[in-house]
Amino acid sequence: MAGKSTPMMEQYHALKQEAEGCLLFYRMGDFFELFFEDAKIASGILDIALTARGKDQDNPVPMCGVPVHAAEGYLAKLIKAGCRVAIAEQVETPEEAKIRAKKEGTPVSKTLVKRDIVRFVTAGTLTEEALLEPRRANVLAAICEVRGAIGIASCDISTGQMILQRCEPLDVNASLAQIGASEVVAPEGFNRAIDDVIERPRGDFGSDDGERQLKAIHEVKTLDAFGDFTREMLAAAGGLITYLDHVGRGNLPLLLPPQLRASDAQMAMDEATRASLEILTSQQGGRAGSLIAAVDRCVTGAGARQLADDLAAPLCDLIAISERLALVQYLHQDPLLRADLREVLRALPDIGRALGRVVAGRGSPRDLGQIRDGLAEARRIRDFLSQKSDHPTLLERLLPAMGGHGALVDLMQRALVASPPTERQNGGFIAEGYDAALDELRQVSGNARRAIAALEARYREDTGIASLKIKHNGVLGYFIEVPPKHADALMVPDSGFTHRQTMASAVRFNSLSLHEEAGRIAEAGGHALTAEEAHFEDLTDQVIAARQAIAATASALARLDVSAGQAERAAEGDWCKPDICKDSCLDIAAGRHPVVEAALAASDDRFVANDCALSEEDRLWLIGGPNMGGKSTFLRQNALIILLAQAGGFVPASSATIGLVDRLFSRVGASDNLARGRSTFMVEMVETAAILSQATERSFVILDEVGRGTSTYDGLALAWAVVEAVHETNRCRCLFATHYHELARLADSCDALSLHHVRAREWKGDLVLLHELAEGPADRSYGLAVARLAGIPKPVVSRAKSVLDKLEKGRAETGGLAAGLGDLPLFAAVAEPEEESADTKLRQQFEQLDLDALSPRDALELLYELKRTAESTEI
């Protein structure tokens, strides 16, 4: 085993080369074994013993293994740790290997059972229930560039949903952040900055091949019915399908017809904005503390996944948003209907993922049972809701998709037992009465088992051995077992028993009668298993044939669950239905931050609501006030209210009128990105640059403390210029929080800018934060009071007070940091490049001189020339 020359090692190394850098699970009996470096990596991640194998003690082979029956749990840990795994299974039985050896003329004793990689397990290609999070989609994405445009194809193969889209090169990371892919594949040499991309051959990403593959999968002559797909989209689709074919070793998973996602159909948000707003993941990296955790009231995993997709890609289509809101309102105003509906939905199986496993060839009888039960319940829900009146438009479209499966449901109700098992190898999942021949085989098998019980009783009576038993195991089959002290009576030649095995505590025998009965059991049982397997394949084919209709039902149920969950959340928190319009406005009364409010409610504290009213004439609010006063919360809550509204849900406010937002930007807080060599200030500037270059008049921007990461003068200058640029150039709705009181002077020159502050008071030396927003500039800074609250030692605070008094005295005498800024022309007026001064020109002339190369005559002429320049130029 230690040497590479053994047949097993030769087979292992050949498979390892095929594994392309994946960990190789090498099947040996009831274990998957890992060897060499794979074993070292896996043992550390899985916390299992690392052993060694081989006769060469100086060069043993490191190895570890996991039981086949428990492999899914270990795979989950490896995938979560960022590994990819190749599964090498035995593809023939030992008996088949012996027959092959005889045909090939090779020694049977040296013949190795054939093994092959049957599947690659990667983060984006999981379908197993145990490996997936029920409330989170698992998306694989492929990306490529064609003639300067980026195509992205993404799919959740656990449900088959496939989306094609294009984006500009600068928007690649924003688009991938929206998708939230677990795994991204791209052509070799793809030069966009994407973390952890898996490179595949460039030939896999052909637009013609992508179009041909999609047509073949969906059995159509043209893709026009699905959408007008561009060359880059089709190229990305080709890369995606080829990769899925590779990891499935020729078995493609469920792929539904591709959907076209237009770049302007969803609100654009870059990666920094998503992280800042903590939409699906909190800053700590988990779901707790995120927006979705505060909003999600879905009772099914499919609904939770749909809600996450809604929040990740809010709509920009006024009609589509209104349709979602109307369905939420319909369920919100009828609490009894909502409660009944949620009760039924709660018991639904995840038919979308069950369908995905069946189509991928990894389905079980339990998956078929889940599809049967889910479709039957969907029909009940449709019939129940159809009895109601005044259906909103979206519900009218959903109801037909929840029916139409009567024949399939009836077939599976007759064919399957009430609770089918997860494994099909042992049978027992086809219902009695469905197949008369199968029932007869089961009866024969059952009668034979009763005959064995009768045979055991007869043997006990004939031999007088009361402890005699007839047992069964996988190696010997049926056998007779007696204690050693009774074995001699059965050993005599005419006893009718044949000795098979002697053990320390028992002796085992066989008999002709037992052999005959065991044969009948095995034959009937084998035929029964074969019959059940045939029925399973037939039922699977029926499901696969109806896969698109079943997937449509799963999608309709998920949307219904989202709407009911949104209505439930609105009823819990007294949220309101927002009014979405095309005007450039934002009018929110008594708005709250959904996450912060939920956290305060858990500790019986009250959230202080605040209004926000932006319009064309007052579109930029400059907000001052102390740290911890609630500026950042106010900024974020308004961004989240917009996001929730355009995702089609109610919002935490007493009323809200929201003009459609095309892009949402949040620059609130930043941290070092050491991996890319960026400091906090550099990250802040990169994010601010993206806002200034991309925000349009229909965008909404929140900016917090721009410029704080550098010197006071640099920071104030940058903040001043950024405010002017947002006001004059971008002209978008914006909330700008700052500690630079000097920026208040911009209210004199920027007509659509107004001043606001969060209120605070000092009472008997203590700072009281009111968390209320008021008009006008902040009356003073409360930095020292906040420092005292934070526990800064009193001597340090006292010393800071002395320094502050000195600085404020100097500011009063000189006019402060912003002295003279009131006379500075607006941003647009100073955009012209400055002319070089005369002294700069002279300096450049001197710097370019090579004095050692000048002759006396040249030096004299140069002096005259410089004298003439100085006389003719005013320096």
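Start by selecting residues 477–482, strand S15, together with 507–511, strand S17: the two pair in the antiparallel sense over 3 bridges. Strands pair here if DSSP finds at least two bridges between them. Helices (H or I, at least four residues) and strands (E, at least two) are DSSP runs, numbered from the N terminus. Show Ile-480 and you'll find its bridge partner in S17, Phe-509. Is S15 mostly covered or mostly open? It is mostly covered, with 6 of its 6 residues buried (buried means under 20% relative accessible area, exposed over 50%, partly exposed in between, with a 1.4 Å probe and protein chains only).

A quick word on what you're looking at: this is a predicted model, where local features need pLDDT of at least 70 and side-chain atom pairs count only at pLDDT 80 or more, while totals for chains, interfaces and linings use all residues. Residues are numbered from 1 along each chain as its sequence is written, and side-chain values use heavy atoms, with hydrogens and water left out.

Next, pick out the open sheet of 6 strands, in the order S3-S4-S2-S1-S5-S6 with mixed pairing. Strand S3 (51–53) and S6 are at its edges with a single partner strand each, so one side of each has no neighbour in the sheet. Select S1 (residues 23–28) and S5, which pair in the parallel sense over 4 bridges. Phe-25 has Ile-87 in S5 as its bridge partner. Contact means heavy atoms within 4.5 Å.

On a 1 Å grid over the protein atoms alone, a cavity is a set of points where a 1.4 Å probe fits but cannot get out; a pocket is an open set with protein on both sides within 12 Å along at least five of seven lines, and lining residues have an atom within 4 Å of a point.

Which residues lie nearest the centre of the second largest pocket? Select Glu-72, Arg-119, Glu-128, Arg-362 and Glu-423, out of 30 lining residues. Helix H3 (71–80), strand S5 (85–90), strand S6 (115–121) and helix H14 (365–386) each give two or more residues to this lining.

Stay with Arg-119 and Arg-362: both also line the second largest cavity, along with others including Phe-120, Leu-244 and Pro-253. The elements giving two or more residues to that cavity's lining are S6 and helix H7 (231–247).

Jump to the largest cavity, lined by 14 residues, with Gly-624, Tyr-740, His-741, Pro-777 and Ala-778 nearest its centre. Strand S21 (620–624) and strand S26 (753–763) each supply at least two lining residues, and S21 gives the largest share, 3 residues.

S21 and S26 also belong to an open, mixed sheet of 7 strands, in the order S13-S23-S24-S25-S21-S26-S27. Look in it for S23 (residues 663–667) and S24 (residues 700–704), paired in the parallel sense over 4 bridges. Ser-666 stands opposite Ile-702 in S24.

Last stop: Thr-657, in strand S22 (residues 655–659). At 26% relative accessibility, Thr-657 counts as partly exposed. Leaving aside neighbours within four places in sequence, Thr-657 is in contact with Asp-579, Cys-581, Cys-585, Leu-586 and Asp-587.
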